[in-house]
Amino acid sequence: MPEKYLFATSPADCLALLAANPGARLIAGGTDLVIDLKEKRRQVTALVDITRIPELKIITEANGKIILGGAATHTRVATSSLIREKLPALAAAAAAVGSPQVRNVGTLAGNVVNAQPAADTAVALVALGAVATILGAEGERQVPVADLYAGVGRSLVDAGREIITRFTVDLWGEGESSAFARLSPRRALSLPMLNVAARVQVREGICTRARICIAPVAPRPFLCEEAAASLVGREPTAETIARAASVAKEAARPRDSLLRGSGAYRKDMTVVLVARVLNEAFSRATSRKIENDVE
Amino acid sequence: MASTAVGQSVTRVDAVAKVTGQAKYTGDFIFRDMLVGKVLRSPYAHAIVKNIDASQARALPGVEGILTYKDVPRNKFPTAGHPYSLDPAHGDKADCTILTEKARFVGDAVAAVIARDELTAAEALKLIKVEYEVLEPLLTPEAAMREGAPLIHEDCPGNILSASGYDIGDIEGAFKEADYIFEDELETSIVQHCQLENHISCAYVDSDGRIVIITSTQIPHIIRRIVGQALGIPWGRIRVIKPCVGGGFGSKQDACLEPLVAAMTLAVGGRPVKLELSREECMIATRTRHAFKFKIKTGVSRDGRLIGMHIKAIANTGAYASHGHSIAMAGGSKFRILYPMQALKYEPCTVYTNLPVAGAMRGYGSPQITFAVESHLDNIASKLHIDPIEFRLKNLVKEGYVDPLNGNAVRSCGIRECIARGKELIKWDEKKARYKNQAGSRRRGLGMACFSYGSGTYPVGLEIGGARIVLNQDGSVQLQVGATEIGQGSDTVFAQMVAEVLGIPVDMVHVISTQDTDISPFDTGAYASRQTYITGMAVARAAAEVKEKILDFAWGMTDIPAHALDIKGANIVYKHSGEVVMPLAEVALHTYYDTVFAKPITSDTSNNARVNAFVFGVTFAEVEVDLKTGRIDVLEIYNVHDSGRIINHQLAAAQVHGGVGMGIGYALSEQLLFDEKTGRPLNNNLLDYKLPTIMDIPAIGVDFVETFEPTSPFGCKALGEPPIIPVAPAIRNAVFDATGVALDRLPMNPQRVFEKFKEAGLI
Ligand SMILES: Cc1cc2nc3c(=O)[nH]c(=O)nc-3n(C[C@H](O)[C@H](O)[C@H](O)COP(=O)(O)OP(=O)(O)OC[C@H]3O[C@@H](n4cnc5c(N)ncnc54)[C@H](O)[C@@H]3O)c2cc1C
């Protein structure tokens, strides 16, 4: 059990406190970490709280980028009009996390560093191509969120030595949108059986860029490049969407779980959710509903 | 009868105490030198305890005692909260010991620690070394009944606890006479009560050497007896106190902790010991709802009359009997009144398995059999091309019908009106027409299901209730009952009843909410939806007695004969005109201090109610089904109940809200899961066990058809458990209506529903 609880006033202060207290770890909302400590999955000597650092909570647009502080809470992300307009997938993902209490304190960086493959906002961030800015003793580095995973529950960010200060998402500009969907056994306080986020861009009726992230179908948020590639250069129609969805299904490797659903079911659901998310994203991007024969 | 109190939505008598945190629950009793008890639980579903080495644990500073089966009495005792049976042949199965030398499920209590605090107790548990001989776990009734399967209880061949059933009429003859025969197989799952307050008890030995147990229970008087049996000591040496209880739903109609906590205090020289379960323990080591498998065969005439029904049922009771076969029998007897048929054969079989112990849970077997029968009826209606409501109307019971087996009569019956009201509320005809030709992947449908239930357990069980009233100097009264308030609102309705009879405002009735077996009148407790109806009779009697004494006393004071007097608005009045004679308070004061005639007024009654009243009701549900994912959303849901006259509409509606919510969880998402090889629980916590949240429950419509039940002085009947009973089949029938797919298993979670849709070729 930690013997000290320290408050950092700035990212640099946070690093200093971590360095001064061997075995310390930083804590944001604590919605994952406190459970880990209680169940003794992690041993720490001190906790460094980063929730009082103003710059870690910003949500803003600058130079064609959306910048989100590492300690932005799910509630603030979900209710930000900027995010709802520019990155609807992230707003929807943040709104899907846990319950109001969990969203009020849980943060984006916590969701990413906890490194669960189906963490909702992490899945959206991967689909959006978000890049994390990580501050450590050696200075700052920038790594795409998709590349921060070492395995289930294992992040390449070492929260005992470094801190994610922000996430940056480049805006693609005209004709872009995104969407998120999840399947869960109840409407709140429920980890997803499956979640999917997609970001697309349409120029002159043709899909020019696409990213699709699916989870939990791999040990990390699964960026399905084949499915995305099948869309690029094509007109977003019900057929192209259906094709991308079935490509995604082939690529997904969900496991059997009595709690979260069978692998077979989740493979079948991959088609449905990918199709729904793409439909929504393309409809938004083109401001025109894509007629889907079966929906 | 113009009511002043009964029928009014008065505020709960305990509302303020509960919302301000002043109400005392078991966990609020803190004693000097109180120790903490914890239980070492078996990690194996089926294993013999070969050896326990507790030496290291014993040596841990702060550990005051370690118990194994060798250190506690080894009397076998029954745990079910039923009245004691004078006839040993009808007693509950005595198959439990305080600690076991054979683990029968993952979580079975193998040893216990008593220590100065939680942390020490938890540390000590880790230091106890148990050597097990692991046996084959029997995790399904099929495995347990298999020839040559190991015995879970040595004295129970075939692992079958009981297979008694009943037979009405000639079933084979009925099938011959029928024009059509229909068959179905349906199945329900293991769910858990998830009441807010976990199980908790504390115990100490008082200065007279008696064991005092403060416990969160529905059945204090029964607990006294069971602890006596378990410890093998006279029952009078045990005192059980029941303070405020944060819900039970049947899980506390059972002796889960009390025998052990009593043994714990004895082991530490009578020092107070608290034993409180965590949610994770509570979900596996108290009680669950029996999972059932049904096979139903029904003969129907061409014009849609039910001729005969044959039901075979297998109930999974888990590792110990608890309420065991009573659940199968109660469910099987309470549903049958709804559709009288010339022949009905019921063949239930209750089987032991190496899973947590199934016991009483809201509805006591009825939600299971009602799911099966009401689903089956919709399947039949569809095959006969009859509207499911028309089909039921052709077969419903009428007033005056007498159950051929138990002799209980239907003296009030509003089921037809309930159906009519529900149909209107949900706009059945309009929506049925609208949803006729749906395309696309989201389909809507309407469904309904009916139920019948009893008010108490007569004639199977003793139905005794006690009440005691004391008139105070100011005309207010104390009411004491043996019946237990566990959140359902019984204290409030009893106060209303007393106020009604005595002609005083409800706030002049002070209900003593705590039951104490040393002091409280005898009553068997909160179960079987019995208290308002059964205990209400005792309360009415006690109040009538007090009233009679008051009017007699007033006669002495005024020379106006008692029969010409009444009490209204806390005044003694002329019966014919209502004119005030004198304040009740004046009479009350004289009963205490009149130097010649003083005789304070009290009453102390017990009522052995040798009657039962059938209750009825319906759920109407509208769902939207996502064919592509199997997800079911309940859009609208209405419960309409005939529970006789409603004593307090607000409390009654709250009861229905809770029951419907519980029913939605039962229908769609709840299920305790176990590893299929080892029997280890997978989701005994509230994150992974999918109790519905407020986001999953639509607005719940509640209505009552208020019949007047002549066997109750207030015309009331049961309402506690019933709201859950018809919910799951109504939702299931709505899905059937929306998709044509006959789901046959609970819960109807997305994966299972999707698989059924695939199987049916719908997708
Ligand atoms: C009841 C409940 C329900 C939940 N439901 C969901 C759900 O539906 N979907 C979902 O995705 N998650 C869910 N979660 C998980 C959790 O809420 C989220 O993962 C949340 O985003 C974690 O954020 P936090 O700020 O609380 O992280 P913390 O617990 O504070 O930290 C988590 C980890 O991240 C590290 N960390 C935190 N901030 C930083 C930073 N800026 N830089 C580097 N490392 C950092 C910590 O050291 C720790 O290792 C749920 C949790 C609970 C308790």
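The largest cavity holds about 330 Å³ of space. The model in which it is found is predicted, and a search of the whole structure finds four cavities of 30 Å³ or more.

**Largest cavity**
- The lining of the largest cavity comprises 21 residues, of which Thr97(B), Ile98(B), Ala109(B), Cys256(B) and Ala285(B) are the closest to its centre.
- Two or more lining residues come from each of strand 1 (35-41) and helix 7 (258-267) of chain B.

**Three-stranded sheet**
- Three strands of chain B form an open sheet in the order 4-2-6, with antiparallel pairing.
- Strand 4 (102-103) and strand 6 (129-134) of chain B are the edge strands; each has a single partner strand, so one side of each lacks a neighbour in the sheet.
- Strand 2 (residues 47-53) of chain B is joined to strand 4 of chain B by two bridges, and these strands run antiparallel.
- Within this pair, Ile48(B) stands opposite Lys102(B) of strand 4 of chain B.

**Strand 27 and its partners**
- Strand 27 (residues 631-642) of chain B has ten of its twelve residues buried, so the rest of the structure largely encloses this strand.
- Eleven bridges connect strand 27 of chain B with strand 26 (residues 615-626) of chain B, and the two run antiparallel.
- Val618(B) has Val640(B), in strand 27 of chain B, as its bridge partner.
- Four residues lie between the strands in the hairpin of strand 26 and strand 27 of chain B, where Gly630(B) adopts a positive phi near 85 degrees.
- Strand 28 (residues 700-704) of chain B runs parallel to strand 27 of chain B and is joined to it by five bridges.
- His641(B) has Phe704(B), in strand 28 of chain B, as its bridge partner.
- From strand 27 of chain B the chain passes through helix 17 (residues 649-668) of chain B to strand 28 of chain B, in a β-α-β crossover that is right-handed.

**Glu374(B) and its surroundings**
- Glu374(B) belongs to helix 10 (residues 366-384) of chain B.
- With a relative accessible area of 2%, Glu374(B) counts as buried because this value is under 20%.
- The side chains of Glu374(B) and Arg392(B) are joined by a polar contact of 2.7 Å.
- Leaving aside residues up to four places away in sequence, Glu374(B) touches Leu338(B), Tyr339(B), Arg392(B), Ala449(B), Cys450(B), Pro729(B) and Asn733(B).

Technical notes:
Residues are numbered from 1 along each chain as its sequence is written. Chains are lettered from A and ligands numbered from 1 in the order in which they are written. This is a predicted model: local features need pLDDT of at least 70, side-chain atom pairs count only at pLDDT 80 or more; totals for chains, interfaces and linings use all residues. Side-chain values use heavy atoms; hydrogens and water are left out. Buried means under 20% relative accessible area, exposed over 50%, partly exposed in between (1.4 Å probe, protein chains only). A polar contact is a pair of N or O atoms within 3.5 Å; within protein, one must be able to donate a hydrogen and the other to accept it, and residues adjacent in sequence count only if both atoms are side-chain atoms. Contact means heavy atoms within 4.5 Å. Two strands pair if DSSP finds at least two bridges between them. A crossover is right-handed if, with the strands pointing away from the viewer, the path from the first strand over the helix to the second runs clockwise. On a 1 Å grid over the protein atoms alone, a cavity is a set of points where a 1.4 Å probe fits but cannot get out, and a pocket is an open set with protein on both sides within 12 Å along at least five of seven lines; lining residues have an atom within 4 Å of a point. Grid points are joined across faces, edges and corners, and a volume is the space filled by probe spheres set on the points.
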